[in-house]
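Please have the display open as I talk.

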Amino acid sequence: MGGPLTAATGFVEAVAGFATGVVVLTVRDGRDDLGTTVTSFMSVSLDPPLVVAGVTTSSYLTEVLLRQSRWAATVLSSGQRALAGRFAAEGRPSARILLASAPHHRGAHTDALIPDGGVSALECETRQTVEAGDHTLFVAEVLAADYVTGDAKPLVRANRRYLT
């Protein structure tokens with residue numbers, strides 16, 4: 001893009017080039033399971049172990065996370081690109097349907113659906129929420145590492161596409 005950009009366009013272009021890992025966030029809400037793909041996820045503290053996930057404030061998932069404090073975050077592996085796409089689709093169905101053909105299990109601490117085969121999966125409990133523009137940040141304590149796969153390569157997104 002040659003030439004000057006507006007502040008908003010410049011920001012969008014600048015952050016699109018920032019490489020991020022891809023995470024599927026899942027939560028159980030009564031009899032239903034919900035989930036979404038997020039790229040706004042990071043560790044923030046070792047003691048206590050804390051992570052933060054950013055979710056669009058206007059989404060139904062944010063509404064659920066505000067009343068269900070326990071959820072899971074799965075760092076996807078490079079072979080899980082299709083799964084990332086399914087959880088990112090508009091109007092997506094229940095997480096149970098999205099994971100029906102993929103190996104998965106329920107987390108012992110959160111009862112959230114956790115896809116198998118990722119780089120790692122964390123079970124979390126929200127400790128603080130922060131409204132930040134059009135997103136809500138969920139600062140959560142890590143209750144347990146459900147699994148860690150040391151040799152798995154992470155799925156990475158940059159410039160609006162998945163890198164392999």
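What you see here is a predicted model, and in it the largest nonpolar core is made up of 20 residues, with Leu-65 and Trp-71 having the most contacts inside it. Two or more residues of this core come from each of β2 (23-29), β3 (32-38), β5 (50-56), α2 (60-67), β6 (70-75), β9 (120-132) and β10 (135-148). As background, nonpolar side chains in soluble globular proteins tend to be buried together.

The peptide bond from Asp-47 to Pro-48 is cis, its omega being near 0 degrees, and Pro-48 sits in the loop that lies between β4 (41-45) and β5.

Then there is the matter of positive phi. Asp-111, which is not a glycine, has a positive phi of about 65 degrees, and this residue belongs to the loop between β7 (104-106) and β8 (113-115). Asp-111 counts as partly exposed, because its relative accessibility is 32%, and the range for that class runs between 20% and 50%.

Asn-159, also a residue other than glycine, has a positive phi near 55 degrees, and its place is in the loop between β11 (156-158) and β12 (161-163). With a relative accessibility of 41%, Asn-159 therefore counts as partly exposed.

Conventions:
Residues are numbered from 1 along each chain as its sequence is written. This is a predicted model: local features need pLDDT of at least 70, side-chain atom pairs count only at pLDDT 80 or more; totals for chains, interfaces and linings use all residues. Side-chain values use heavy atoms; hydrogens and water are left out. A nonpolar core is a set of buried Ala, Val, Leu, Ile, Met, Phe, Trp, Tyr and Cys residues joined through side-chain atoms within 4.5 Å. Buried means under 20% relative accessible area, exposed over 50%, partly exposed in between (1.4 Å probe, protein chains only). Helices (H or I, at least four residues) and strands (E, at least two) are DSSP runs, numbered from the N terminus.
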